[in-house]
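Open the model in your viewer and keep the selection tool ready. Each stop names what to pick and what is there.

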Amino acid sequence: MEKKEDLRITKTKKLLYEALLKEMETKAFEDIKVNDLCAISMINRSTFYSHYNDKYDLFVDLLNTLKNELFDKLDENKFIVSTKEYYMELIRLLLDHLEEHKKIYYSIILSNRNSLVVDIILDTTIKDINKRLNISNIDRKSVPADVIINFYLGAVSMVGLNYLKSDNKYSKQDIINYLSVLIPDNI
């Protein structure tokens, strides 16, 4: 059984995440000071340092939390009959996650850390697709797993990143409808 994190620790981390994101909206990450994060979150420096070594450690923890949450969300995609259904649901779950955490991802992008957002999307999507390939009926001799992963990964990651950056040019449902036309029923 997985040990649950103490509620006080969870609240402290949440306050620090929010302070970091607030600062990232107006400052470069390098200009953010631990003192500023503590003042905004109303947390003592000693409390900060009991959880994190420095602001980089906090940032990595925030990114890992996002990754784990996204992977858990993608893991909801269980009862799929066809490849098209799997990828349509994968994209829907990804867009839901991005929409739910848009403020966080915007803050990361605003601080010129686009590659970190791409890494989160890529890492979690690779892990999910690879897991599905291990249980699928695809003939691995005809198409190697890494080719399959890279083929779909490009589309999924670019759709997710462009959705995040598009400033509501297309709704989530519009994107899902467009992709439904583009992805054939049997792959």
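The tour goes from aromatic rings to charges over rings, then to a helix pair.

Before you start: this is a predicted model, where local features need pLDDT of at least 70 and side-chain atom pairs count only at pLDDT 80 or more, while totals for chains, interfaces and linings use all residues. Residues are numbered from 1 along each chain as its sequence is written, and side-chain values use heavy atoms, with hydrogens and water left out.

**Stop 1: aromatic rings**

Rings of Phe, Tyr and Trp (its six-membered ring) pair if their centres lie within 6.5 Å; planes under 30 degrees apart are stacked, over 60 edge-to-face, and the rest tilted. That rule gives six aromatic pairs. Select Phe48 and Tyr52. Their ring centres are 5.7 Å apart and their planes stand at 45°, so this pair is tilted. Buried or exposed: what is Phe48? Phe48 is buried, at 0% relative accessibility. Tyr52 is buried too, at 3%. (Buried means under 20% relative accessible area, exposed over 50%, partly exposed in between, with a 1.4 Å probe and protein chains only.)

Now pick Tyr170 and Tyr178. This pair is edge-to-face, with 5.7 Å from centre to centre and 90° between the planes. Tyr170 is partly exposed at 35%, and Tyr178 is partly exposed at 44%.

Next, select Phe29, Tyr56 and Phe59. These three form one aromatic cluster.

**Stop 2: charges over rings**

A charge sits over a ring if NZ of Lys or CZ of Arg is within 6 Å of the ring centre and within 35 degrees of the ring normal. Show Lys102 with Tyr163: the lysine lies over the ring face, 5.0 Å from its centre. Then show Lys127 with Phe71, where the distance to the ring centre is 4.3 Å.

**Stop 3: Met88 and its helix**

Select Met88, in helix H5 (residues 83-100). Helices here are DSSP runs (H or I, at least four residues), numbered from the N terminus. Met88 is buried, at 13% relative accessibility. Which residues does Met88 touch, not counting those up to four places away in sequence? They are Ile176, Leu179, Ser180 and Ile183; contact means heavy atoms within 4.5 Å.

Terms used
Helices (H or I, at least four residues) and strands (E, at least two) are DSSP runs, numbered from the N terminus.
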